[in-house]
Amino acid sequence: MSRKFLCLTAMLLVAGLVCAGGSWAAEAKKPRFIVTLPGMLGDKSYNDSCKVGIDRAVAEFGVEVKILQAASPADFESNNLSAAEGGYDLVIILSGQQKQAASKVIPEYPDQKFAIIDFSLPDNPKNVYSTLFAANEGSFLAGAAAAMFTTQTQIDGVNAEKIIGWISGIETPLINDFYGGFKQGAAYIDPEVKILQAFAGSFTDPLKGKELALSQYEQGADIVMNVASATGIGILDAAAEQKKFAIGVDLDQDNLKPGYVLTSMLKNVDMAAYLFIKSVVEGTYQGGGRLYLDVAKGGVGLTDFAVFKEFWKDKFPQNIVDRCQELAKEITEGKIKVDEFPGVR
Amino acid sequence: METLSNIVTYSLVHATLRMSTPVVLATLAAVISRQGGITNIGIEGIMLFGAYFGFVSAWVSGNWLWGVAASVVAGVVVSAAIGIVHLKHNTHIFVIGFAMNMLALGGTRFLLQQMFNVSGALLVDKPVTLPILRLSLAERNPVTASLFSGYSLFELLAPLLVLGVWYVLYRTAAGLRLRSVGLHEPAARSAGIDVYRVKMRAILLSGVFAGIAGAHLSMGYSSMFVENMTNGRGFMALAAANFGGGNPIYAFLGCLVFGLSDSIAIRLQSTGIPAQFVLMVPYLVTVAVLTSAMIGHSRRSDAARIARKLTEEIQGKEIRGKANEKGKGS
């Protein structure tokens with residue numbers, strides 16, 4: 001009796017183990033990813049853009065993705081360290097702001113796969129796949145659009161003065177690359193256009209961004225380019241309040257203040273995040289590889305101006321859209337060479 | 001020379017008022033608690049709660065008055081908590097104040113996620129904002145329009161509130177009681193003043209102003225709620241209150257100095273001076289002004305301090321002993 005009972009228990013146990021093992025194996029098949037952000041979600045720009053790509057990958061491949069946000073730069077190193085420790089299939093590190101933390105952590109985990117967006121490491125380590133964006137090319141188009149727009153006085157709020165604004169958070173090589181392209185693009189259309197440049201000192205202070213935008217409007221600018229993550233929300237707010245204009249950045253921000261955002265310079269961070277996850281899922285991950293996303297590959301560009309057009313109807317200057325498309329084509333064909341900030345790539 | 005005239009223009013007046021008003025309102029909160037002898041570092045957190053509940057209530061109800069009311073209620077509730085923990089249970093104000101600041105930061109982030117399923121910032125299509133006063137007569141000319149029109153409600157009310165607080169502090173019996181508590185608590189107690197009640201009242205009133213400062217931040221200065229949108233303004237207010245030696249009018253002037261130097265600094269950026277330097281200017285000016293004011297202040301009050309110290313040494317222990325007995329009775 002007792003032997004029978006023992007046998008039964010043993011069989012049940014084995015069956016249980018097999019079942020558990022089976023389900024455990026199925027769990028392990030599902031690749032796990034982790035992304036470390038340079039800031040918090042909700043900036044309607046850079047960080048949110050990365051989330052868009054992650055969501056797409058989750059929907060398409062059913063993978064598991066964890067996102068680590070950083071309340072301040074003090075979190076960078078600990079976030080990247082815990083990401084690298086977690087045994088994920090891939091650690092994605094976003095933004096050159098995290099370069100220092102990343103270059104400390106990555107060499108200590110030679111067997112962990114990494115993907116980095118918006119910066120690269122010297123000598124391309126074998127376990128790092130990096131992406132860089134041609135922010136200068138996208139900004140060139142934005143600068144050209146702004147320079148053309150600042151003389152469209154048929155639109156209420158545009159003055160005759162050829163002054164445009166440009167606001168960012170903290171000066172970094174990448175941000176200088178943005179500015180260089182913007183300046184070149186504006187000068188390409190009209191060398192007389194004057195650019196007011198300002199930094200908020202933070203990427204997370206919308207009120208400072210608003211104040212900077214208001215001061216540039218007071219100094220005669222009628223359109224201000226936003227390159228400032230969450231600080232930029234304030235720039236768009238100032239535009240709508242003063243009935244002046246702004247250009248969005250990273251994500252399509254045209255709809256945040258319809259009629260006051262001329263266009264947005266798209267920098268498709270979502271595309272990079274999506275491609276990285278895809279590369280691991282499909283086994284095409286290239287350690288030591290570099291992905292360069294420019295206008296030609298659709299990594300950067302402008303929106304279609306549709307929201308602005310809808311708002312201003314007949315007053316909308318269609319030639320700006322046409323000209324920007326031509327310029328994009330010329331950049332793709334290599335007819336226009338946009339300078340890059342030395343050392344940024 | 002041309003750049004200088006670009007920077008120093010009539011638009012500076014409006015910009016200065018606009019930039020200093022959020023700090024001015026918070027400064028009133030700081031002044032009131034400082035006069036009661038409390039360095040209320042929780043103002044930052046109270047402002048943040050005020051900004052959140054004000055913005056949300058105004059948006060939900062469609063009326064800015066409900067927003068301001070909600071901000072004030074939030075301010076009073078939070079400061080009541082601070083007051084009870086600090087005054088009744090003798091926790092150091094820095095501990096409870098700091099705890100409240102962290103609670104406000106995390107709490108508003110949590111509420112944003114729970115209530116609206118967003119993180120970072122709450123942007124809505126039709127935000128309800130505080131009224132903006134526009135004079136059609138002034139609007140005809142860009143100069144007068146900038147100088148006299150387009151002010152948000154509290155940008156105009158703030159100077160009046162400053163005068164009001166000054167009057168209460170220096171011209172009423174309640175103000176005298178509060179100041180005497182702040183100056184020398186045992187002496188006030190021995191004069192029969194209910195110190196606990198006076199201090200509690202000061203903390204609650206301080207909460208009202210901090211709540212209003214928050215409402216102005218999310219509904220007047222901007223039209224959105226953003227995580228950590230106070231960004232140190234509560235601490236700047238403490239500095240301003242100190243700078244004014246607890247006098248709201250001097251503290252107000254201190255805020256204006258900061259607002260002016262900040263607006264000039266912002267304009268300096270477009271002249272090509274490195275941004276890192278320019279961003280430092282307002283703080284440099286503040287430190288310089290503060291130091292000079294401190295030097296003047298300490299010269300003036302040296303005699304008074306020595307006199308007070310002497311009395312304290314002679315009578316201190318005796319008075320304090322008696323006062324403690326009395327304090328427990330209340």
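The tour below goes from a sheet to a chain contact, then to a helix and a single residue.

Before we start, note that this is a predicted model, in which local features need pLDDT of at least 70 and side-chain atom pairs count only at pLDDT 80 or more, while totals for chains, interfaces and linings use all residues. Residues are numbered from 1 along each chain as its sequence is written, and chains are lettered from A and ligands numbered from 1 in the order in which they are written.

**Stop 1: the sheet in chain A**

Select the six strands of chain A that form an open sheet in the order 2-1-3-4-5-11, with parallel pairing. Helices (H or I, at least four residues) and strands (E, at least two) are DSSP runs, numbered from the N terminus, and two strands pair if DSSP finds at least two bridges between them. At the edges you will find strand 2 (64-68) and strand 11 (290-293) of chain A, each pairing on one side only.

Now colour strand 3 (residues 90-94) of chain A, which runs parallel to strand 1 (residues 32-36) and is joined to it by four bridges.

Which way do the side chains go? In a regular strand they alternate between the two faces of the sheet. Show them on strand 3 of chain A: A:Leu90, A:Ile92 and A:Leu94 point one way, A:Val91 and A:Ile93 the other way. Five of the five residues of this strand are buried (20 or more other C-beta atoms, placed from the backbone, within 10 Å of a residue's own), so strand 3 is largely enclosed by the rest of the structure.

**Stop 2: where the chains touch**

Show both chains: 24 residues of chain A are in contact with 24 residues of chain B, contact being C-beta atoms, placed from the backbone, within 7 Å. Which helix gives the largest share of chain A's side? Helix 7 of chain A does, with seven residues.

Select helix 7 (206-218). This helix has 13 residues and reaches 18 Å from its first C-alpha to its last, close to the 18 Å expected at 1.5 Å a residue (1.5 Å times one less than the number of residues). Because 13 of its 13 residues are buried, helix 7 of chain A is largely enclosed by the rest of the structure. After helix 7 comes A:Gly220, whose phi is positive, near 105°.

**Stop 3: a kinked helix in chain B**

Chain B holds 14 helices and four strands. Pick out helix 10 (residues 195-221) of chain B, where 22 of the 27 residues are buried, so this helix too is largely enclosed by the rest of the structure. Centre on B:Ala215 to find a kink of about 25°; the bend at a residue is the angle between axes fitted to the seven residues ending there and the seven starting there.

**Stop 4: one residue in chain A**

Finish at A:Asn319, in helix 11 (residues 318-333) of chain A. Is this residue buried or exposed? A:Asn319 is exposed, because 10 other C-beta atoms lie within 10 Å (the cut-off is 12 or fewer).

Definitions and conventions
Contact = placed C-beta atoms within 7 Å.
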